[in-house]
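Student: I have a structure open and would like to learn how to read it. Can we go through it feature by feature?

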Amino acid sequence: MNYARFLTAVSTARKPSAIRLLTELQQRSPPSLISLAGGAPNPDTFPFLSAQVRLKSGAELEMNESLMRRALQYSGSYGIPELLSWMKDLQKSLHNPPTINLTPEEGRMEMCVTTGSQEGLGKIFEMLVSPGDNVLLDAPTYSGTLAALQPLGCNLISVPSDQDGIKPSGLSQALESWHPSNPQKPRVLYTIPNGGNPTGASISHERKIEVYELARKHDLLIIEDDPYYFLQFQKPWAPSFLSMDVDGRVLRTDSFSKILSSGIRLGFVTGPKPLVDRVVLHIQASTMHTSSFTQLMVSQLLQGWGQGGFLKHIDSVIEFYSSQRNAMLASADKWLKDIAEWHPPKAGMFLWIKLKGVKDTNKLIMEKALEKEVLLVPGGVFNINSSDPCPYVRAAFSLSTPEQIDEAFRRLAELIRDAELTFD
């Protein structure tokens with residue numbers, strides 16, 4: 001892989017921070033080291049001494065005085081070493097990336113901690129996307145992705161997709177239309193492979209194989225944004241793009257937001273070391289590092305659980321969301337089957353509903369839904385051009401009770417019938 005050809009001028013110009021490198025070095029040094037190098041504040045001046053976090057199981061995480069001094073201090077830009085080590089073992093266990101056996105220069109698997117996967121995505125886009133570039137994605141897609149990409153001045157090219165995700169034939173057609181020597185030929189494909197936001201689509205294993213082979217043929221990087229990986233309702237879980245990445249062309253983002261807490265803001269970037277190192281250079285110059293406190297708190301939790309305990313927790317999360325999904329599907333069938341259509345999602349938190357006879361749901365939702373005291377997201381906000389008419393709405397089954405979901409769909413059905421399907 002020639003990684004240099006994928007980098008923007010801004011990313012190429014980034015240089016390591018000498019101060020940040022000293023922080024990383026100090027983290028790995030013995031306690032006997034005397035450092036006069038860092039400009040870190042003295043933790044003796046901090047008002048916080050210790051903390052206890054009580055878990056739902058009744059167990060407690062103890063942040064004693066020694067650990068609290070670390071939690072309140074600067075840390076390395078890649079992440080707290082013990083958290084990174086635990087996460088690397090998890091990635092190897094779940095995905096067994098072929099890139100583990102590559103050299104660093106060839107693209108050996110590397111990881112860094114980010115302030116939620118959104119920070120990782122933003123920095124990946126800045127690293128890979130220049131004004132005028134053509135970026136492939138399976139729209140409709142996450143509105144946060146569009147918000148991060150569109151200001152970069154790139155051209156977003158939608159790849160045809162359905163409830164099983166990207167259509168390899170559509171991707172092939174999009175790529176074949178570009179001559180290999182054309183400097184504007186797309187170099188990046190972005191996708192949410194499981195429980196896509198907003199569509200709930202999940203890419204089948206067979207399609208992933210075809211998509212990856214097309215990426216090899218056309219020398220694409222794949223950005224695998226997978227915040228709903230741990231919310232797959234059926235086992236075995238679908239193999240990831242990372243698991244089939246023999247070349248080092250997959251950059252994967254994971255998140256703890258959906259399974260531990262969204263407020264702790266912990267995400268991860270996994271991918272070829274030359275590219276992850278570039279993400280870290282950006283972290284050095286921006287946030288410096290993700291919160292030491294939340295990293296250590298979660299690290300304590302994971303060390304106590306072990307992989308088995310973590311996956312047991314995941315099973316309980318899946319059980320909850322699977323029940324929520326089933327409740328929403330039952331209510332949709334009860335109230336909407338004559339006026340809407342949908343596909344049951346295999347992962348995630350969302351049901352993507354097409355309203356029959358409605359050309360655009362924006363007016364229906366933004367002007368009329370509040371009168372019926374029901375609120376969904378109009379589908380147009382997830383399109384590359386948000387002003388294009390869209391007959392879809394996104395319904396989330398994560399927070400509301402089954403009773404609230406049922407009443408919401410009853411109100412939605414009433415709203416649609418009251419509108420007499422005249423919105424356009």
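Student: Leaving aside its neighbours within four places in sequence, which residues is S117 in contact with?

Tutor: First, a reminder: this is a predicted model. Now the case. S117 is in contact with T253, D254, S255 and G267, once neighbours within four places in sequence are left aside. The residue itself sits in helix α5.

Student: Is S117 buried or exposed?

Tutor: Use the cut-off: buried means under 20% relative accessible area. S117 has 12%, so S117 is buried.

Student: How do I read helix packing? At what angle do α5 and α9 pack?

Tutor: Look at the two axes. Helix α5 covers residues 116-128 and helix α9 covers residues 273-285. They pack at about 105°, and their axes are 10 Å apart. Angles of 65 to 115 degrees count as roughly perpendicular. Therefore α5 and α9 are roughly perpendicular to each other.

Student: Which residues meet there?

Tutor: From α5 come E119, K123, I124, E126 and M127. From α9 come L275, R278, V279, H282 and I283. The residues of this contact divide into five nonpolar, one polar and four charged.

Student: What does L336 touch?

Tutor: Again, skip residues up to four places away in sequence. L336 then touches S331, W342, I353, F409, L412 and A413.

Student: Now sheets. How do strands pair?

Tutor: Strands of a sheet pair through backbone hydrogen bonds, either parallel or antiparallel.

Student: One more feature, distance. How far apart are A419 and S398?

Tutor: Check sequence and space separately. A419 and S398 are 21 residues apart in sequence. In space they are 28 Å apart, C-alpha to C-alpha. A419 is found in helix α12, residues 402-419. A419 has a relative accessible area of 12%, so A419 is buried.

Conventions: Residues are numbered from 1 along each chain as its sequence is written. This is a predicted model: local features need pLDDT of at least 70, side-chain atom pairs count only at pLDDT 80 or more; totals for chains, interfaces and linings use all residues. Side-chain values use heavy atoms; hydrogens and water are left out. Axes are lines fitted to C-alpha atoms, for helices over the stretch in contact, and angles run from 0 to 180 degrees between N-to-C directions. Helices (H or I, at least four residues) and strands (E, at least two) are DSSP runs, numbered from the N terminus. Angles under 35 degrees count as roughly parallel, over 145 as roughly antiparallel, 65 to 115 as roughly perpendicular and the rest as oblique. Contact means heavy atoms within 4.5 Å. Ala, Val, Leu, Ile, Met, Phe, Trp, Tyr, Cys and Pro count as nonpolar, Asp, Glu, Lys and Arg as charged, and the others, Gly among them, as polar. Buried means under 20% relative accessible area, exposed over 50%, partly exposed in between (1.4 Å probe, protein chains only).
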